[in-house]
Amino acid sequence: EVLTHDGTDFDWAAAAGGANTPACHVIMDTNRTLSNDTLTKIEFDDEQYDTASAFDATTNYRFTVPAGEAGKYFIHFDADFNAGTSAGLLKSYLYIYKNGAELARNTWDFADNYIKRSNLNITNVLELAESDYIEAYVYVNDDADNCSLNANGTHFVMFKIIE
C-alpha cells in the first residue's frame with residue numbers, strides 16, 4: 001500500500017492517465033465441434049470479466065465499443081484446435097473481424113503433413129469508433145471431419161489503451 005502525503009491511498013490508475021477500460025476477457029464454457037471447410041464464429045459465452053457490459057455472450061458473441069469509448073484497443077484471441085483421435089488436421093485459421101469484415105488472420109497450413117492439434121493466436125491494436133464491433137472466426141480443414149475447439153485453450157481479451 002502506498003499512501004499520499006495526506007494519508008489516503010495513492011491512485012495508480014489516475015497517475016497512469018486512467019484505466020484500461022472498457023475491457024473484457026471471455027472464454028467458451030465447453031468444447032465446440034467445428035464443421036469441416038466452414039468459416040465458424042467462435043461463440044465465447046463465459047465472461048470472466050466485462051467492465052462495460054460491452055461483450056454480448058448470449059446472442060452475437062462480439063465486443064461492441066460503448067458510447068464515448070472510441071480509441072485504440074488491444075485485441076487478442078487464442079484458438080486451440082483438436083482433431084480428436086486421428087491426426088487429420090491439415091489447415092487451421094483464426095480471424096479477427098471488424099464490423100462483419102475480415103481484418104486480420106493467422107493460419108497454419110500443414111501441407112499434407114496432417115497433425116492432431118494446433119493452437120493459433122492473433123494480436124492486434126486497432127483504432128475503433130463508437131459502435132464498431134469485433135468478432136473471432138475460425139476455419140479448419142480436417143480429413144476426418146471431427147475437429148473441435150478446446151474450451152481450455154480458446155480465449156478473447158480486449159481492452160482500451162490509455163493514451
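## Starting at a ring face

Select Arg62 and Tyr133 to begin: Arg62 sits over the face of Tyr133, 3.8 Å from the ring centre. Bear in mind throughout that this is a predicted model.

## Tyrosines and other rings

Next, pick Tyr93, Tyr95, Tyr97, Tyr137 and Tyr139, which ring pairs link into a cluster. The count of aromatic pairs comes to 11. As you look them over, remember that a pair of aromatic rings is described by the distance of the centres and the angle of the planes.

## Into the core

Which residues have the most contacts inside the largest nonpolar core? Select Phe77, Phe81 and Phe156, and you have them; the core itself has 34 residues. The top contributor is β7, which gives five residues. Apart from this core lies another one, of five residues, and Tyr93, Tyr97, Tyr137 and Tyr139 are among them. In general, nonpolar side chains in soluble globular proteins tend to be buried together.

Stay on Phe156 and show its surroundings. Leaving out residues up to four places away in sequence, Phe156 touches Cys24, His25, Val26, Phe44, Phe55, Phe63, Ile75, His76, Phe77 and Ile134.

## Along to β12

Move to Ser148, which lies in strand β12. Is Ser148 buried or exposed? At 14% relative accessibility, Ser148 is buried. Show what is around this residue: not counting residues up to four places away in sequence, Ser148 touches Arg32, Thr33, Leu34, Asp80, Phe81 and Asn82. You have already met Phe81, one of the residues with the most contacts inside the largest core.

Asn152 counts as exposed because its relative accessibility is 67%, over the 50% cut-off. Draw a distance from Asn152 to Thr30: their C-alpha atoms are separated by 8.3 Å, although the two residues are 122 apart along the chain.

Last, switch to the backbone. As a rule, most residues other than glycine have a negative phi, and most peptide bonds are trans.

- Thr21 and Pro22 are joined by a cis peptide bond, with omega about 5 degrees. Look for Pro22 in the loop between α1 (12-15) and β1.
- Tyr61 is not a glycine, yet has a positive phi of about 55 degrees. Tyr61 is in the loop between β5 (55-56) and β6 (62-64), and counts as buried at 15% relative accessibility.
- Asn99 is not a glycine either, and has a positive phi of about 50 degrees. Find Asn99 in the loop between β8 and β9 (101-109), where it is partly exposed at 35% relative accessibility.

Terms used: Residues numbered from 1 in each chain as written. Predicted model: local features only at pLDDT ≥ 70, side-chain atom pairs only at ≥ 80, totals over all residues. Heavy atoms only, no water. Buried < 20%, exposed > 50% of the residue type's maximum accessible area, 1.4 Å probe, protein only. Helix = DSSP H or I, 4+ residues; strand = E, 2+ residues; numbered from the N terminus. Contact = heavy atoms within 4.5 Å. Phe/Tyr/Trp six-rings, centres within 6.5 Å; stacked < 30°, edge-to-face > 60°. Lys NZ or Arg CZ within 6 Å of the ring centre and 35° of its normal. Core = buried A, V, L, I, M, F, W, Y, C linked by side-chain atoms within 4.5 Å.
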